[in-house]
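Welcome, and thanks for taking a look at this one with me. Please have the sequence and the 3D view open as you read.

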Amino acid sequence: MKIFSVNTLLSLGFGLIVFVFFAFFYRFHLNYQEQYQLFLFSADYFLKFMEKPGGFSDYVGNFFTQFSFYSWVGASIIAVSLTLLQRAVWLISRKSGANSLFYPITFIPSLLYWGLLCDENYLFGGVMVMLLVAVSVCIYTLIDSIPARISFVVLSIPVLYWLAGGAFLVLPIFAFVSEILKRQVKWTYLAIFALVVAILSVALPVISKTYFLQYPLRQVWIGANFFRFPVNLPFNVGVIALLIIFIPFTLRFLSGQVKTQKTTILLGLQWLVLLSGGVFFISSAADMAKEEVMAYDFNVRMRKWSRVIALADKKSPASPLSVTCLNLALAKEGLLAERMFSYYQNGVGGLLPDFTRDYTIPMITGEVYYHLGFVNTAQRYAFEAMEALPDYQKSVRAVMRLAETNLINGNYAVAEKYLSLLQKTFYYRAWANNALQTMKDENLIAQHPEWGWLRQCRSKEDFLFSEGEKDMMLGVLFRQNQENRLAYEYLMAYTLLNKDLKHFLQYFPLGESLNYRAIPKSYQEALIYVWVNTNNDPTKDIPYPVSNATKQRLQAFQRSAGATQPNGFSDSYWHYFYFRK
Amino acid sequence: MNRYFIVVIVFLLLSFQACRETVAPKEVRKEKPAIFPDYVDVTVPATIAPLNFKVQDEYSAIDAVIEGRNQEVIHIQDKKEICIPENKWAQLLANSKGDSLRITVSIKKQGNWIRFAPFAVHVSDVPIDYGLVYRLIAPGYEVYSKMGIYQRNLSSFDQSPIVENTLIPGSCVNCHSFRLSDPKNMNLHIRGKKGGTVLMTDGKINLLNTKTDETISNFIYPFWHPSGNYVAYSVNNIHQVFHAAKTKRVEVVDGASDIVVYDIKNNQPISCAELMNDSIFETFPSFSPDGRSLYFCSAAHREMPQEFNKVQYNLCRIAFNPENGTFGGQIDTLFNATAINKSVTFPRPSPDGRYLMFTLIDYGNFSIWHKEADLYLLDLQTGLCRSMDEANSRDTESYHSWSSNSRWFVFSSRRIDGLYTRPFIASIDEKGNIGKPFLLPQANTGFYTNLMESFNIPEFVTGKVEVDPNEIEKMIVGDKVSQVGKLKMQ
């Protein structure tokens, strides 16, 4: 018994490839998407989306995006959705008279949307829009009665507009072309139909804007947030939407032209073009450099410090944000002073990047401030990152951080507010319940490995945050809790990365309270370098326990100093000091 | 057919009635219930929307019996919260003016009913204005997301936007102000790449570019002259700085500030040396109800932000002649806050001219970020000043606005969670006696918990603000901005 046709298997195969891509090669993009929304299981949240055209698609898109917390679940959802879109396009094409010989062509809209989803700013709600309009066209093609299908189209327009936004036009345009080709409806009726569609297309957005919505007309017309920046026109999505109309009629035309003896060649040629084009297109669309940063960020968010270091060991990070994540991971594992120059360093910007008014950099930088004990600054960065989201969403990651920072600061009422929101989420409910329980008992907070410690690290002494005086802030923070090793190592790293050896020497003795077994490598390198370059008395030995190996290595480095990039010293501070601009 | 229909309806109604359990309390407590919002013994106007509430405890059912004058009763039972039907509530209040409602609350815990001591809601016979206008904005730092200026009918839960920043993407909308609560005379600013000051005079909208060569900034904090011919504004060079210690978050400081009065008819800002003094910070202007005095906050210049916690403002007054737009030559200090190591912000005289309400903080002028911020009342007849303890809490009380009849005031407070500002309304009589304030009622008790925005600058309005946001959008997008004239110095 035949269960699946070849075409069905090909669709399943496509879905499988999409799944593998997102689950194994592009998984951190899905985690990235998930953090920038706060999907709540509440009527208020749903109704807020339903206030604007396309909001329903955004809502469903967000509903599915929340499952990208586990990237394999998100990958499954994308795979199923894109496969369904392809099947819908095929169904429309078949009902329009396409030959199954052209089955590969029906993959094009899904393939193109797959490419769009490689851009982290394209939101999943757009796929829902495509599915909604494709399904509505499918329904139209399945209705035999002329009055019924025309009525369906006209009545669907306002509903579809509200559910999917301006993409609703796909249905009436398809119906119009289809009816022309079928020649079952009189021209007069077709003209009336076109007129009604045209009036509705203009009237619906204009009425919505005039009476209900305060958005630019263009946004009211487009409706759904295909792109994270709603002011941008989603041209690419428009092309894909038009393909839902164009492909079925083109295939109908081509099916009439094809000669039966050349089918195998034609089919093979299509698959060849589709596969080679698809591979080229997706590999061009995928931004693996961003995927790398997102991988670093996700592991930092999950406190998987060893995984961050493993990523760097595999391939040294090149982007400033990856370096920021790596330095934090090294510090959390107690390795910053020992190994930071084993990896690429881009100056103090890779330690504590400056504040920017966006939603990515403050989120990552906020992690550093949080773990250092700058709880107020971490709170500010989380809030700013959330408010900077251009599609006006809230961020589940930011809300968690706001709950944590308020809890650490003892602002329990506002922490409870954030936690009560998180209780309405799917993945974070248990975490919120635990946090609420912890919050009820000061002892539990004190014993909490992170919150209790950060409470001890916070600054009791008030000072104003100063972007240009981070070393001073780190110094004040460390002075108040001299067990805060992270603050000390960041302070020292700050001076080293700034090539400020004067302050390095000045701050170095502060680390006495941390009881290092041996002076960390980068500190030894800086100390011996300063000593060699400032001591004029050859009988004197350096007053710090610097290993002989380090001393000999510096001599070797100095001997090869004439070379533009001396080999074998790229993991040393001296190499950074001399060769990093 | 109709008969069957009526029978079904009656049956359903009886069924619902039958669902209500008889409350036979196993325990009767002497204390009044702890409810949210706290409406216990508050004074409300007779036209306020239903005071929906819940008990701050865990329970499987809640029951409330609300008794008004003439044995009128509303009885509600629910699993979660008490939501009072709007029509019945409005009728009950109307019939109980000048009297009190008696509310008896019971909750069901572990199968047993517990009844609390009844509490009162005093129904004032003094009317309140139509509604409130406020901005909803997340209590953030530098970056902002969606925000808007909204109006709310106090008799219902209807809220509608006046203008939202989604209209002009990337913009910020702020500083709404009305002439004596008149919805036809309004000021608000739209800031961004494109924007300006929206000035509505007698319902007609004008968009202004208020930056002049002689002033340090656009017009900022507004206050209308009672005649409607002038609006006083401060011009400020504003900065934000951020605290490291847990107890504080943000400090908003002025590097410089002056005061100008915008002459609407002549499209010209006017000022005088006393209000444009470089060695003094002048801000938060407000006119007296007779229009002949201009109140403002004044502080000695300090280096900002280094000395942010050393700047302290006094409450001052300068004479103003509305006939010719001139100022008196002398500044009077009405409240010397620096003498008590404090600082004054938001001076707001009552429309009847009897009182002046202001916010008192330890330093600076941006009280919303000051936990110690409290409301104070200055009796302009006697010169006596007192803390409004009936309205103040341990947390921030900041912006405030008088109703047009001077018998109610609304103020923003962070008392609920310490961060998200909420509007509270309180009564005040001729002698300055203040009723217990009540939180602006909402349709459900989870409203404030779920809301991620603060209520900013609550202002009374005597009627619905009729503004076409599309008209504002066209003016802004079409660059139809009128430049205000050159500053005229006295």
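Here are a few numbered points on the contact between the chains and on the domains.

1. Please keep in mind that this is a predicted model. The values below are computed from it.

2. Let's begin with the contact between the two chains. Chain B brings 40 residues to the contact, and chain A brings 40 residues as well. About 3,700 Å² is buried between chain B and chain A, with 52% of that area coming from carbon and sulfur atoms. On the chain B side, the residues that lose the most area to chain A are B:Val143, B:Lys246 and B:Met452, which together make up 18% of what that side buries.

3. Which side chains meet in a salt bridge? B:Glu473 pairs with A:Lys209, at 2.6 Å from N to O. The count of salt bridges between chain B and chain A is two. There are also 23 residue pairs in polar contact between these chains, both residues being at pLDDT 80 or more.

4. Several elements of chain B supply at least two residues each to the side that touches chain A: strands S12 (159–164) and S18 (230–242), and helices H3 (447–450) and H4 (469–477). Strand S12(B) gives the most, with four residues. By residue class, the side of chain B that touches chain A holds 23 nonpolar, seven polar and ten charged residues.

5. Finally, a look at chain A by itself. Its domain assignment gives domain 1 (6–286), domain 2 (289–457) and domain 3 (517–581). Taken over C-alpha atoms, the centres of domain 1 and domain 3 of chain A are 62 Å apart.

Conventions
Residues are numbered from 1 along each chain as its sequence is written. Chains are lettered from A and ligands numbered from 1 in the order in which they are written. This is a predicted model: local features need pLDDT of at least 70, side-chain atom pairs count only at pLDDT 80 or more; totals for chains, interfaces and linings use all residues. Side-chain values use heavy atoms; hydrogens and water are left out. Contact means heavy atoms within 4.5 Å. Buried area is the accessible area (1.4 Å probe) that two parts lose on being put together, summed over both. A salt bridge is a side-chain nitrogen of Lys or Arg within 4 Å of a carboxyl oxygen of Asp or Glu. A polar contact is a pair of N or O atoms within 3.5 Å; within protein, one must be able to donate a hydrogen and the other to accept it, and residues adjacent in sequence count only if both atoms are side-chain atoms. Ala, Val, Leu, Ile, Met, Phe, Trp, Tyr, Cys and Pro count as nonpolar, Asp, Glu, Lys and Arg as charged, and the others, Gly among them, as polar. Domain bounds come from an automatic or database domain assignment.
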